[in-house]
Amino acid sequence: MNKMNQKELLDTLQHQFGFDEFREGQYDIIQDIFCGEDVLGILPTGTGKSLCYQLPAFSFEGVTVVISPLVSLMIDQVKKLKAKGFKRVTAINSLLDHNQRDNIFAHLNEYKLIYCSPEMLQNPFFFKHLKTLTISLFVVDEAHCISQWGHEFRTDYLKLKDSIKKLGNPTVLALSATATPQVQDDIQYFLDKPNMKKRIYYMDRPNIAFSIEHVSNWQEKVNRITDILQHKPVPTMIYFSSRKWCEKVSEILKKELGSLRIAYYHGGMEADDRLLIQQQFMNHQLDVICCTSAFGMGVDKQDIRLVIHFHLPAQMESFIQEAGRAGRDGKESVSLVLYTDGDEQIPLRLIEQELPTEKQTENIFQDINKCKTSSLPLKKVKEELIFKNELTETQWNFLQYQFEKQQMVHNEQFHLDSKLLEDTFQQILFLLRERTTIKIKKLYEFIRWVKTPGCRRKDLYQTFQKGYQSPVYYCCDHCDFSFSKWNPPMNQIEEKVEGWEVELKRIFHQEAIM
Amino acid sequence: MYSAILLKCITKLQNERSPSSIYHLLKGKRSSQTIQDAKAYGLSPFFGIYKTLSKKQFQNSLSILQKENLITWLDDDQLMITEAGRISLQTDMEESPELDWLDGFNVHHIAPQFWLRLLLWIQTGSNLLKDESHFIPVHDQWESVDWVRQFYRNKKKDLEGHFTNLYQELYSLLKLHRSFHADIVVSRLTGYKKIGLSKQQIAEKWKLPIEDVEMYIQSSIHFIVNKVCQNQSEFPALLAFIPEKLKQLPLTDSAAKTYYWLKQGYSIEHIAKKRRLKINTIQDHLIEITYVDSSFSIDSYVAKEDKEMINRTIDELNTKRLKVIKDHLPDSVSYFMIRMVMAKNYQ
């Protein structure tokens, strides 16, 4: 493949994507890809990671496949691309019905960019179709999911290596916003790409000040938020670890802060309503969003001034991503963590629920053992095992992957050899304990940061990179920051109360007609 | 508004049907039992007006009505309206003319599509008139998105003129709403630099239960659809949004197929065999057809004498319960025959 010269690339960027210049990292990574090099790109959130493959995708002869772990993320990307006028894009996911899926498969060769989940890539029917195409670029988005040490771990990412080979070894681009050196090694190892070119960019954000406040209960957290927002009504996101809390606190804040426009957002809402809330926030119709980690994926609002963590995030990586949504425009912004002793209980409970418990695992093996046949189709018992043991989809996927890896399941068939069963069982127990230990360790890493006596900025970034840029405004509450000193650009809120007649006129642009 | 609808359903069903039949009615379940309930008990305006209602939500609203002493449970899975409930219903009916706008049986199958097209088109036009072509559609229901794309091709020459017409038509119809009701409908619309409110937000802003928000929006859609269809020459711009389906009978696809073969002269048994369906299913289709097509004759399925006998029994017993009616008739009269006669009566 030919290297494009800088002018050609810039032209493409301006005409097709409507940007004037490349952001840090984009140009280099795109050039590497045009040279056919495999690249590992670590770029902080909000720096336009996706452009690194979108631009080449529309210039290449063949197809670009993007593996993305979250359906909502994929759909979001496709919508944005379509809004920009790129039509030959699709996301293949579990939300499509049979007709839609068949329709896409039948016209697969017409797409330039295909998003799909790692699970979907394992679908033999889809893969058969995919193999008939020329794949120019294979993108692994959120590549940290491949590592146990990444903040998310998806077993299906471990199968990507084989898929890449079967697809004729296209150029591979692995992307992540946060990956420690250890995770970077894992990505190379599990993709079997030891010679990947590494493009690592600093993730520290010099325009964000870090502040942590220790309070004694949740009401004090609410009071503190009310107090800050009363004096500094700025575009704000407040992160919660559960839907219930998110709704509850949003309710209270609405009462306390009558002049601010507040809404909540979480994964339990209808998709259309979720989209409306997200768009209202982008469009300055909302000032404060109370949300769970479901919000933020693909949100590129530039002027968020304040990100508050009402609850503890699961680890450093997700904190850095979430806090990093503040101040994309480079103006002065703040990250605030509100901490109460005992706050770690919630994330600890979430960790427990993520994987099957030892008890569940034991029960499942007993159930399987009861089927006294030598071979048993997986399909036949899967639903019942999930139902009876109340497993979530993630929990089952973890188990199934282990079954397959230990050869207890082969070609969709259980092989019920008692020795094999016992070995697999022990192996899974070992993994469960290991995984839980890792998660807990990562949580305590964050708690350690919360309690650090030194400079928070220095401490936050040291596991990820050497050094950091000096802060543009304030550093942290241990160095120089306090809310009273903070003078952010503030919202001009004028909630006009107008009847439907004026609103309708405005929507239809009939204001001139009276 | 929503609680008035529930109270009305409970009143009209006269303890003859279980609460879950109300749920199926509101969801618009295409079963001959639900269609029969709608027709026989005079509840067809509420058929399929709340397609997103969940069972849990429904049960929850019943317990609220009970807590407010508007309904009570009889011994056996039966609900009854209380005196307080009757008064509350009476007041609501007088105060909410929108209740009469609901026309579920006739428009439930086109209302959602009409609304999705309109919402997306308003957003599209509003943005394009400001030269903004980068916006995220308010929904991504394929059929409507396709339709809007086509529609744009036809309208782009005079988008401004068309938009003014559409505005005027909508304005004149919204003018017939109570003003808070028009506020609710317009707040739901998305346009250039103005994103519509979620149902939750509307509920909070107007201090309404979220179910009422849904009902106000539905009643408005039904009202607009009917006005437009009845006065086609007055609303040419809005007429374009009415899906073709309205002109067809509101039958399920499967019942429509059965009807097709019936018209070709095939017997029930023959159609069942041909379509590999049970005879019962085909009979259900016939009942569905009888309810929606007044020109359909049941004479070849129920003899004249039988029909008269069934009608006499229904009158004497003054009930719509099939089992009771069947028990008072000779064995030669089948359930199917009774249901056909009832369907014809309540067409």
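## Around B:Thr82

Setting aside neighbours within four places in sequence, B:Thr82 is in contact with B:Asn69, B:Leu70, B:Ile71 and B:Thr72. You will find B:Thr82 in chain B, in the loop that lies between β2 (79-81) and α5 (83-95). This is a predicted model, and in it the relative accessible area of B:Thr82 is 15%. Because buried means under 20% relative accessible area, B:Thr82 counts as buried.

## Chain B as a whole

Chain B contains 19 helices and two strands, and its C-alpha trace spans about 75 × 55 × 35 Å along the principal axes. Of its 347 residues, 53% are buried. Among the contacts in chain B with a separation of 6 or more, 67% are between residues 24 or more positions apart.

As for charge, chain B carries 46 positive and 41 negative side chains, and 6 Å separates the centres of the two sets.

## An enclosed helix

Helix α10 of chain B covers residues 179-187, and seven of its nine residues are buried, so this helix is largely enclosed by the rest of the structure. The buried residues in α10(B) are B:His181, B:Ala182, B:Asp183, B:Ile184, B:Val185, B:Val186 and B:Ser187.

Which elements do these buried residues pack against? Within chain B, the partners are α7 (111-128), α9 (159-174), α11 (199-205) and α12 (210-230). Chain A takes part as well, through its helix α20 (500-507).

## Where chain B meets chain A

That brings us to the interface between the chains. Here 40 residues of chain B are in contact with 34 residues of chain A. The two chains bury about 3,300 Å² between them, and carbon and sulfur atoms give 63% of this area. On the chain B side, B:Ile136, B:Tyr167 and B:Ile195 lose the most area to chain A, together making up 22% of what that side buries.

How many salt bridges does the rule find across the interface of chain B and chain A? There are five. A salt bridge also joins the side chains of B:Lys199 and A:Glu270, with a distance of 4.0 Å from N to O.

Notes
Residues are numbered from 1 along each chain as its sequence is written. Chains are lettered from A and ligands numbered from 1 in the order in which they are written. This is a predicted model: local features need pLDDT of at least 70, side-chain atom pairs count only at pLDDT 80 or more; totals for chains, interfaces and linings use all residues. Side-chain values use heavy atoms; hydrogens and water are left out. Helices (H or I, at least four residues) and strands (E, at least two) are DSSP runs, numbered from the N terminus. Buried means under 20% relative accessible area, exposed over 50%, partly exposed in between (1.4 Å probe, protein chains only). Contact means heavy atoms within 4.5 Å. Lys and Arg count as positive and Asp and Glu as negative; His and the chain ends are not counted. The place of a charge is taken as NZ of Lys, CZ of Arg, CG of Asp or CD of Glu. Buried area is the accessible area (1.4 Å probe) that two parts lose on being put together, summed over both.
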